[in-house]
Amino acid sequence: MIKVNWQEFEEHVEMLLNKIDYDPDMVMCIGSGGLLLGKLVSERLKKPLAIISAKSYNGEEKGSVIVGNISSTEVIAGKILLVDDLADSGETFWNVLDRLKVFEDIKEIKTATLFYKNKSNHIPDYHVKEVNEWVVFPYESE
């Protein structure tokens, strides 16, 4: 298990931001894991933030991915940077990307995450670290 403390989280956010060479029109975060990361990335890039809710875990047990609603004060269009804290199986990313296909005004979507597992079926366009272990972020309980 990898436990990420607040200082490490902030360092990883900076490393991720330094890798992003994309100029999106909007940052969209996958809640709940990507909420804090999405907020920080949108502020740093000076882009509006949208939130899409998705859930793929029930406690320790993986379940099917449930994708909820999108919350935004802006029109969902143009180039989107979709962020989450971790790509584990990749299923959440794929389900959210599939949900976003209904928005005809989206021109391009790139993905970013702090960590991704090498077993993931979605490799983010931008990431900080590849891991195999369970990751616990400072805003989560073990």
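Residues under 20% relative accessible area are taken here as buried, those over 50% as exposed and those in between as partly exposed, and the legends below apply these classes to a predicted model.

View 1. The closest N and O atoms of K119 and D88 are 3.2 Å apart. K119 belongs to the loop between β6 and β7, whereas D88 belongs to the loop between β5 (78-87) and α3 (91-99), so this pair ties together parts of the chain that are 31 residues apart in sequence. Through salt bridges with shared partners, D88, K117 and K119 are joined into one network.

**View 2. H122 is a buried residue of the loop between β6 (106-117) and β7 (126-131).** Its relative accessibility is 8%, which is why H122 counts as buried. The side chain of H122 makes a polar contact of 2.8 Å with the side chain of T111. Leaving aside residues up to four places away in sequence, H122 touches A87, S89, G90, F93, W94, L97 and T111.

**View 3. Helix α1 spans residues 6-19 and has its N-terminal end capped by N5.** The 14 residues of α1 reach 20 Å from the first C-alpha to the last, close to the 20 Å expected at 1.5 Å a residue. Within α1, the buried residues are F9, H12, V13, L16 and L17; seen down the helix axis, they fall within an arc of 140° and so line one face of the helix. These buried residues pack against α2 (35-45), β6 and β7, whereas the face turned away from them carries the exposed residues Q7, E10 and N18. At the N-terminal cap, a side-chain oxygen of N5 lies 3.1 Å from the backbone nitrogen of Q7.

**View 4. Two further salt bridges, K47 with D23 and E43 with K39, are among the six found in the whole structure.** In the pair formed by K47 and D23, the closest N and O atoms are 3.1 Å apart. This pair links distant parts of the chain, with K47 in the loop between α2 and β3 (49-58) and D23, 24 residues away, in the loop between α1 and β2 (26-31). K47 counts as partly exposed at 23% relative accessibility, as does D23 at 47%. For E43 and K39 the closest N and O atoms are 2.6 Å apart, and because these residues are four apart in helix α2, about one helical turn separates them. Both E43, at 47%, and K39, at 40%, count as partly exposed.

How values were computed. Residues are numbered from 1 along each chain as its sequence is written. This is a predicted model: local features need pLDDT of at least 70, side-chain atom pairs count only at pLDDT 80 or more; totals for chains, interfaces and linings use all residues. Side-chain values use heavy atoms; hydrogens and water are left out. Helices (H or I, at least four residues) and strands (E, at least two) are DSSP runs, numbered from the N terminus. Buried means under 20% relative accessible area, exposed over 50%, partly exposed in between (1.4 Å probe, protein chains only). A polar contact is a pair of N or O atoms within 3.5 Å; within protein, one must be able to donate a hydrogen and the other to accept it, and residues adjacent in sequence count only if both atoms are side-chain atoms. Contact means heavy atoms within 4.5 Å. The expected span of a helix is 1.5 Å times one less than its number of residues. The arc is that of the directions from the helix axis to the C-beta atoms. A salt bridge is a side-chain nitrogen of Lys or Arg within 4 Å of a carboxyl oxygen of Asp or Glu.
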